[in-house]
Amino acid sequence: MAKVIRVNMTDLTVRTEEAPAAWAGLGGRALTSTIVAEEVPPTCHPLGPNNKLVFAPGLLSGTAAANSGRFSAGAKSPLTGTIKESNSGGTSARLLSRLDIKALIFEGQPVGDAWYRVHVNKDGVTIEQETETLGKTNFAVLESVASRFSEDFGVLTIGPAGEQMMGIANISVRDTEGKLRSFGRGGLGAVMGSKKIKFITIDGDGSSPIKLADPNAFKAASMVFTKTLKDHPVSGQGLYTYGTAVLVNILHEAGGLPTKNFTSGQYEHHEKISGEKMYENITARGGEPSHGCSNGCVIQCSQVYKDTAGNYVTSGFEYETIWALGADCCIDDLDIIAEIDNVMDDLGVDSIETGVMFAVAMEAGILPWGDGKEIIRLLREEVQKATPLGRVLGGGTLAVGKAYGLTRIPVVKGQAIPAYDPRAVKGIGVTYATTTMGADHTAGYSIATNILNVGGKVDPLTNVGQVELSRNLQIATAAIDSTGLCLFIAFPALDIPECLGSAVDMINARYGIKLTMDDVIGLGKTVLKIEHEFNLKAGIGPEQDRLPEFFELESIAPHNVKWDMDQKELESFWNF
Amino acid sequence: MQITVKLFATFREGRFKQADRDYPIGTTVANVVDDLAIVPSEIGMIFVKGRAAEMDYVLKENDALALFPLLGGG
Ligand code: SF4
């Protein structure tokens, strides 16, 4: 029996229910968004007792399917005021699935000042008061869990930023190596902090392997699926060797690499922060260029980065992080960026929101351009200690821009715009403006078709075809985010038809159902509509489906382009 | 005429990162690819002065040509 577990933080009670029949075909984002839309009042305060924090493994999580180790967290976001789904790797998705937990829902809010830890195992959920790790950073929490309880537990934790309910706070997830992955975007760490949960541990002991309705059919589909991932040059080779940072040089060449707080589309020191450079450093220093963030990953876009002395600095060192601190903040040194990445993991802050925020802080004059050491100081001395300046910084990109009277504040619905300039890559501008999530590249990754020539070609510099491109990608992404499969399967999926086909076959063989590809696309559409409806009821309507004005006023080199898409055309996004 | 050729990722192995090279007038992207012994089917992206170009594009004096294998990220 698939379970839904409700943890009420107001009266510290736990209720285990059988998953309602209507949720049977839902997982991951489809389930978190359904639950948030059904149960959270859209107008509630995101940090108040009426918000809920929902974790849900995907439909294929916990099975032997390649790249199925991802899961979703959902809530109303304190950063955007919209519904939010964030997605992470780590070990917990698999453990939750094997414990037959379809959703773990945190409701209410304690009245007193006490903090809690929550433990999940085969017998259910327990809530205990927590004092030892209060105020501690994430790596200290992991150590504490390992020494007090077990090294094998799945861990979901918040750092000081989450405890202080900052907009940049993430929820960190222990990975297979005992390091951290995160539910990065949307300030979900603040929601966990508002419920006074310092960490959640998951013990998979005594759980049983997933029961498949048709093991043979599953195995057959799984083999086809894995083959498509290995056959496609992007998922089979490119991501494995260079990780996502290979995009630095690509976006620089294409003139869409936002630089110095979005004032240019090219960064003169791009080579120094490129994927090629990262690969060179990693292989010279005995790190690992290829590495998975969760069990069963065959793509392995992650890596382990070491310093010149061969000591571990960070893992999962991603393009967006490197871009934000590198090109956007003008730090031309991969080693300092790696160090900052480690500090951000430790404090529990979203690397995109934080990096973009620091570029805005540099423009505001809080610190000099390119000063990575000062970023580390500000994170450790101000944000971690929640000083008044630390709180302004911790509020995120929009908070800093407003506090300093700036007009060039790259956010949509309060969330920082990531690593692709919408003036030079128009399709991603449509995604930033229209997604239900606030600026988010993963919601409809038009870069694939605008720049990388995956899934066809659409000229990035004209407005033609961009709304349709973004719409199709957003629908497919909402479906993939519900499966527990890593979104990078989209690269083979865009070019090789058997890829998604075999994923659907795996879902059918897992549950003994008969979904068609149309059903899955239909699921993607439904998810987007549920989310959109929530946002409308929360007061976030079409007038907020737009990019900041400065993109229309300032052109960007080298193509000298502005954002000039007609608002009516943008609104046509929702015609489906 | 002079063309600046930039190579990325695996295309750099045994070749170069960036080089100014002399080619006769009328040289296409395909000619350069051939000259560098790159397998055409391995090419993912071609940019000339930051704009996407095709294999039959005829290069002009001082053009910057960038060649990438099929790559992705996100
Ligand atoms: S491809 Fe990257 S993000 Fe996806 S599961 Fe593997 S390591 Fe994680």
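## A salt bridge between the chains

A:E253 reaches across to B:K6 and forms a salt bridge, with the closest N and O atoms 2.7 Å apart. Keep in mind that this is a predicted model. The rule turns up three salt bridges across the interface of chain A and chain B.

Which elements of chain A give two or more residues to the side that touches chain B? They are α7 (233-242) and α8 (247-254) of chain A. Of the elements, α7(A) gives the most to that side, with six residues. Sorted by class, the residues on the side of chain A that touches chain B are 16 nonpolar, eight polar and six charged.

## The interface as a whole

Now for the totals. On chain A, 30 residues are in contact with chain B, and chain B answers with 21 residues of its own.

The size of an interface is often given as the accessible area lost when the parts come together. Here, the area buried between chain A and chain B is about 2,000 Å². Carbon and sulfur atoms give 59% of that buried area.

## Around the ligand

There are 13 residues around the ligand. Which of them come nearest? They are A:R70, A:C293, A:C297, A:C301 and A:C486.

As for the make-up of the shell around the ligand, six residues are nonpolar, six are polar and one is charged.

Over all chains, the structure holds 36 salt bridges. One of them pairs A:E107 with A:R6, and their closest N and O atoms are 2.6 Å apart.

## Aromatic pairs

How many aromatic pairs does the rule give over all chains? The count comes to 17. One of these pairs is A:Y319 with A:Y420, which is tilted: the rings are 5.5 Å centre to centre, with 55 degrees between the planes.

This pair, too, links distant parts of the chain, with A:Y319 and A:Y420 lying 101 residues apart. A:Y319 belongs to helix α10 (residues 319-328) of chain A, while A:Y420 is in the loop between β17 (415-416) and α16 (426-434) of chain A.

Definitions and conventions
Residues are numbered from 1 along each chain as its sequence is written. Chains are lettered from A and ligands numbered from 1 in the order in which they are written. This is a predicted model: local features need pLDDT of at least 70, side-chain atom pairs count only at pLDDT 80 or more; totals for chains, interfaces and linings use all residues. Side-chain values use heavy atoms; hydrogens and water are left out. A residue is near a molecule or strand if one of its heavy atoms lies within 4 Å of it. Ala, Val, Leu, Ile, Met, Phe, Trp, Tyr, Cys and Pro count as nonpolar, Asp, Glu, Lys and Arg as charged, and the others, Gly among them, as polar. Contact means heavy atoms within 4.5 Å. Buried area is the accessible area (1.4 Å probe) that two parts lose on being put together, summed over both. A salt bridge is a side-chain nitrogen of Lys or Arg within 4 Å of a carboxyl oxygen of Asp or Glu. Helices (H or I, at least four residues) and strands (E, at least two) are DSSP runs, numbered from the N terminus. Rings of Phe, Tyr and Trp (its six-membered ring) pair if their centres lie within 6.5 Å; planes under 30 degrees apart count as stacked, over 60 as edge-to-face and the rest as tilted.
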